[in-house]
Amino acid sequence: MNTYLIVKWLHVVSSVLLAGTGFGSAFYLFFTNRSPSLEARAVVARLVVRADLWFTTPAVIVQPLSGIWLAHTAGWPLSTPWLAASLALFLFAGACWLPVLWLQLKMAREVEAALAEGRPLSARYDRWQHAWEALGYPAFAAMLIVFFLMVNKPSL
């Protein structure tokens with residue numbers, strides 16, 4: 001197996017981790033946020049933060065490094081339309097994801113504090129949850145388009 005195929009494999013695996021962890025975490029936190037159980041919310045919020053730090057963050061680093069290396073090795077300039085669009089969408093998704101990660105940390109701390117203090121969640125939690133969702137939808141849509149572009153490499 002040559003270096004190109006190893007890097008391509010890493011690129012594909014990291015894309016699966018990025019999308020899979022992102023979608024799975026979002027699914028569980030979205031539905032758990034509709035539960036009255038603070039215990040469930042605390043567990044899921046804590047695990048979503050861990051998943052993003054352990055899986056999504058490394059994938060976010062590996063994706064552009066491996067993708068740019070693969071494009072260069074294959075002879076595609078970064079100005080190739082599908083590649084430039086992929087990079088722009090990846091940056092857009094990242095610009096949404098960074099505040100999402102920050103919001104997840106705040107939400108996890110808030111639900112832990114509410115649980116420990118025996119009080120209901122503050123109104124801030126609802127605002128953070130709505131912002132988290134509002135940023136998550138376009139980021140996930142952007143990544144779906146990136147997947148399409150990576151696989152199909154259309155001439156735009």
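**Entry 1: salt bridges**

I started at glutamate 112, which is partly exposed with a relative accessible area of 31%. This is a predicted model, so I only counted side-chain atom pairs at pLDDT 80 or more. Glutamate 112 makes a salt bridge to arginine 46, and the closest N and O atoms sit 2.3 Å apart. That pair ties together distant parts of the chain: glutamate 112 belongs to helix H3 and arginine 46 to helix H2, 66 residues apart.

My tally of salt bridges came to five. Next I went to arginine 119, which pairs with glutamate 110 at 3.0 Å between the closest N and O atoms. Glutamate 117 also bridges to arginine 119, here with 2.6 Å between the closest N and O atoms. Which residues make up the network of salt bridges? I noted Glu110, Glu117, Arg119 and Arg124 as linked.

Glutamate 110 counts as buried because its relative accessibility is 4%, under the 20% cut-off. Glutamate 117 counts as exposed at 53%, and arginine 119 is partly exposed at 26%.

**Entry 2: H3 and two positive phi angles**

I checked the span of helix H3, residues 81-117. Its 37 residues reach 54 Å from first C-alpha to last, close to the 54 Å expected at 1.5 Å a residue. Glycine 118 follows H3 and has a positive phi, near 65 degrees.

Most residues other than glycine have a negative phi. Lysine 153 lies in the segment after helix H4 (123-152), and it is partly exposed, with a relative accessible area of 34%.

**Entry 3: serine 14**

A polar atom of the serine 14 side chain lies 3.0 Å from the backbone oxygen of histidine 11. Setting aside neighbours within four places in sequence, I listed the contacts of serine 14 as Ala59, Val62 and Gln63.

**Entry 4: nonpolar patch**

Valine 62 turned up again in a nonpolar surface patch, whose members include Met1, Trp9, Leu53 and Phe55. Together the patch residues have about 1100 Å² of accessible area. H1 and helix H2 (38-74) each supply at least two of the patch residues, and H1 gives the most, with six. Valine 62 itself is in H2 and is partly exposed at 32% relative accessible area.

How values were computed: Residues numbered from 1 in each chain as written. Predicted model: local features only at pLDDT ≥ 70, side-chain atom pairs only at ≥ 80, totals over all residues. Heavy atoms only, no water. Polar contact = N/O pair within 3.5 Å; in protein donor to acceptor, adjacent residues only side chain to side chain. Contact = heavy atoms within 4.5 Å. Patch = residues over 30% accessible without salt bridge, like charges linked within 9 Å, V, L, I, M, F, W, Y side chains within 5 Å. Areas by Shrake-Rupley, 256 points an atom, 1.4 Å probe, with all protein chains shown as cover. Salt bridge = Lys/Arg side-chain N within 4 Å of Asp/Glu carboxyl O. Helix = DSSP H or I, 4+ residues; strand = E, 2+ residues; numbered from the N terminus. Buried < 20%, exposed > 50% of the residue type's maximum accessible area, 1.4 Å probe, protein only. Expected span 1.5 Å × (residues − 1).
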